[in-house]
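The sequence and structure come next.

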Amino acid sequence: MTTRKTAELLELYERMYLIRQVELRLGRLFADGEVPGFIHLSIGQEAIATGVASVLRADDSVASTHRGHGHALAKGVDVERFFLELMAKEEGMCKGRGGSMHVADLSIGMLGANAIVGASIPIALGSALAHQVRGTDALAVAFFGDGAMAEGTLHESLNMAALWQLPLVFVCENNGWAEFSPTSRQFVASLDKLAGAFGIPYARADGRDVQAVAKASERAVAAVRAGKGPRVLEFTTHRFRGHYEGDPQKYRDADELSGLGEHDPLSLLEPRLAKAGVADAQLQSLHEAVDARVDAAVERARKGSAPDFEAGRADVYTQTGAA
Amino acid sequence: MAEVRFGKAINLALADALEQDPAVFLFGEDIADVGGPFGATRGLKDRFGDRVRDTPISEASMANAAVGAALSGLKPVLEIMFMDFMTLTMDALVNQAAKVRYMFGGQASVPMVVRTPHGGGISAGPQHSQCLEAWFAHVPGLKVICPSNPADAYGLLRAAIADPDPVVFVENKALYAMKGELAEGAGPESIGKARTVRAGRDATVVAYGAAVHTAERAAGQLAEQGLEVEVLDLRSIQPWDEAAVMESLARTHRLLIVHEAVEAFGVGAEIAARIGEIGFDELDAPIMRIASPFVPVPFAPSLEKAYQPDAEAVIAAVRKLCA
Ligand SMILES: Cc1ncc(C[n+]2csc(CCOP(=O)(O)OP(=O)(O)O)c2C)c(N)n1
Ligand SMILES: [Mg+2]
């Protein structure tokens with residue numbers, strides 16, 4: 001029999017495994033030309049999206065980045081409509097007009113991945129402002145990468161969030177890289193000191209460890225929901241793939257690349273599952289179920305229809321019916 | 001009917017919108033306690049409390065916060081102190097607000113308004129005088145409005161706030177003190193409709209904002225010389241009332257466009273090009289433009305006088321058109 005704790009652990013594992021499988025599949029579909037454009041995979045970073053989202057409510061909002069598949073899937077977007085979007089189909093969540101960097105589902109508070117580095121932060125700030133003004137106890141989460149720490153929007157938003165005591169959680173996914181440059185060549189401050197300068201409580205946790213992420217997030221979310229103002233979380237993590245799929249990564253040491261496996265959030269959790277009494281066979285069937293779900297979503301997406309240009313043209317502005 | 005100043009009409013529109021819709025939220029630099037640098041928001045904080053807020057000097061993040069707030073249930077109205085400072089809000093307007101509806105497959109629109117004053121004539125210098133409305137009119141997804149009198153300032157601002165899509169609402173500084181009639185119980189006007197402010201058969205002069213008054217002055221003097229000019233107040237720049245211009249042109253067969261913004265690549269260029277395409281058969285003379293030269297707005301009163309298009313320039317252009 002699985003206890004509640006084990007069930008929770010399995011849920012976290014399943015979510016991470018889903019994100020992993022979706023993105024591995026995207027990598028292959030991209031290589032085969034079935035996903036156009038370019039995509040940024042979050043493989044290796046699944047624990048952060050999963051851990052943070054595990055403590056959020058449906059009415060909490062999330063603003064995400066160019067590496068946003070994990071955030072979207074963790075917040076609960078429909079997997080089929082997600083693949084339909086990335087495979088550029090009319091039935092996609094954005095009708096084939098946004099693609100990888102714009103997956104969004106406003107009905108579940110997923111305010112969108114975002115192709116502009118640093119934009120997720122003030123957008124989440126505004127969402128938090130709306131929660132505050134409307135008097136709900138919902139909160140907003142701003143996901144951003146280490147590269148966005150050098151954007152003015154972070155500094156402006158830290159100030160505003162503290163000034164207005166907004167229900168906002170800043171979540172930095174520090175994978176040590178911004179495109180092809182290490183963080184050390186981009187940013188001389190540190191996020192903890194920066195948060196401190198604005199009087200915002202800060203916590204750091206191991207971004208490989210979904211339980212550590214969930215624990216840190218739970219504390220932050222509880223404080224924010226209780227009206228104690230914003231919180232900053234920083235999770236250290238590793239980008240397993242290139243900046244984008246197809247990135248030859250000549251700028252990365254062979255050692256770093258070959259050692260990435262040690263940092264796998266799924267491998268880290270598996271022994272804990274075993275210890276908690278989850279049998280191999282149970283994990284196996286979880287894998288099979290998720291794999292089948294991904295397969296089915298891809299098959300459905302392949303059958304999607306081409307997006308309609310004229311319908312899109314009529315959707316630049318809201319149609320009031322007056323015309 | 002009551003006589004009100006343009007600035008007061010803005011104030012009344014904001015007050016009535018705040019009164020009627022709890023989702024309306026005002027923010028900007030020095031708008032709450034002091035009531036705005038031009039007094040447009042005076043007294044609103046006293047009436048509506050926390051729904052009218054002073055912000056720090058963080059235009060980029062405030063504008064993106066408006067996007068996030070709009071996506072989470074508010075109808076934010078942001079004041080940007082001078083249109084020159086809109087340069088700092090470009091990501092929010094161009095990449096975010098303008099794109100959301102289309103890019104997210106029609107899931108949502110962004111019901112936000114950015115109010116901002118443009119225009120010279122007060123020796124405010126090159127960074128406090130520009131008319132940058134064409135930039136925003138160039139971006140699919142944005143609406144751009146520029147009223148010329150108190151009644152329109154009221155009715156079009158009410159419409160902008162009620163509009164589901166993002167609107168840049170441009171107020172000419174020279175008009176804030178202008179007096180005009182505002183009807184009792186006035187409500188929102190419809191966006192995109194021009195108004196004939198003076199009828200005439202010899203030439204059509206299309207203008208918006210303060211340039212409408214320049215055109216009217218010119219028309220008055222031209223009438224004494226026996227030329228009857230029809231003056232159209234565009235009121236809305238994006239969308240602009242192509243049908244109204246065509247309808248007037250069918251009577252006058254001559255077209256002049258007047259604005260305070262720089263002539264090159266401006267609103268007049270777009271109107272001229274479009275009418276050249278669809279109205280060629282109606283034209284008895286080449287379309288003309290009177291607008292500012294390709295020079296930054298100067299400080300010295302003498303320089304600025306030379307810079308700004310005036311009634312004399314309009315008169316000369318109309319005489320040439322009708323020669
Ligand atoms: C405003 C802006 N500048 C530059 C880019 C190009 N760019 C895309 S991702 C990226 C690096 C971002 O690094 P980080 O925030 O650490 O995110 P990561 O890719 O590591 O997830 C850059 C520079 C952009 N998309 N937007
Ligand atoms: Mg990074």
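The model is predicted. In chain B, helix α9 covers residues 267–278, twelve residues in total. From its first C-alpha to its last α9(B) reaches 17 Å, close to the 16 Å expected at 1.5 Å a residue.

The buried residues of this helix are Val267(B), Gly268(B), Ile271(B), Ala272(B) and Ile275(B). They lie on the same side of α9(B), because the arc they cover around the axis is only 125 degrees. Their packing partners, which belong to chain B, are α5 (133–137), β10 (203–207), β12 (236–238), α8 (242–252), β13 (255–262) and β14 (288–292).

For chain A, an unreviewed UniProt entry places the feature "domain: Dehydrogenase E1 component" at residues 14–305. That span is 44% helix and 11% strand, and its end C-alpha atoms lie 30 Å apart.

The two chains also touch each other. The size of an interface is often given as the accessible area lost when the parts come together.

| Interface item | Value |
|---|---|
| Contact residues from chain A | 39 residues |
| Contact residues from chain B | 38 residues |
| Area buried between chain A and chain B | about 3100 Å² |
| Part of that area from carbon and sulfur atoms | 63% |
| Salt bridges between chain A and chain B | one salt bridge |

Which side chains meet in a salt bridge at 3.2 Å, N to O? They are those of Arg101(B) and Asp315(A).

Key. Residues are numbered from 1 along each chain as its sequence is written. Chains are lettered from A and ligands numbered from 1 in the order in which they are written. This is a predicted model: local features need pLDDT of at least 70, side-chain atom pairs count only at pLDDT 80 or more; totals for chains, interfaces and linings use all residues. Side-chain values use heavy atoms; hydrogens and water are left out. Helices (H or I, at least four residues) and strands (E, at least two) are DSSP runs, numbered from the N terminus. The expected span of a helix is 1.5 Å times one less than its number of residues. Buried means under 20% relative accessible area, exposed over 50%, partly exposed in between (1.4 Å probe, protein chains only). The arc is that of the directions from the helix axis to the C-beta atoms. Contact means heavy atoms within 4.5 Å. UniProt positions are given in the numbering used here, feature names are shortened, and annotations may be inferred rather than shown by experiment. Buried area is the accessible area (1.4 Å probe) that two parts lose on being put together, summed over both. A salt bridge is a side-chain nitrogen of Lys or Arg within 4 Å of a carboxyl oxygen of Asp or Glu.
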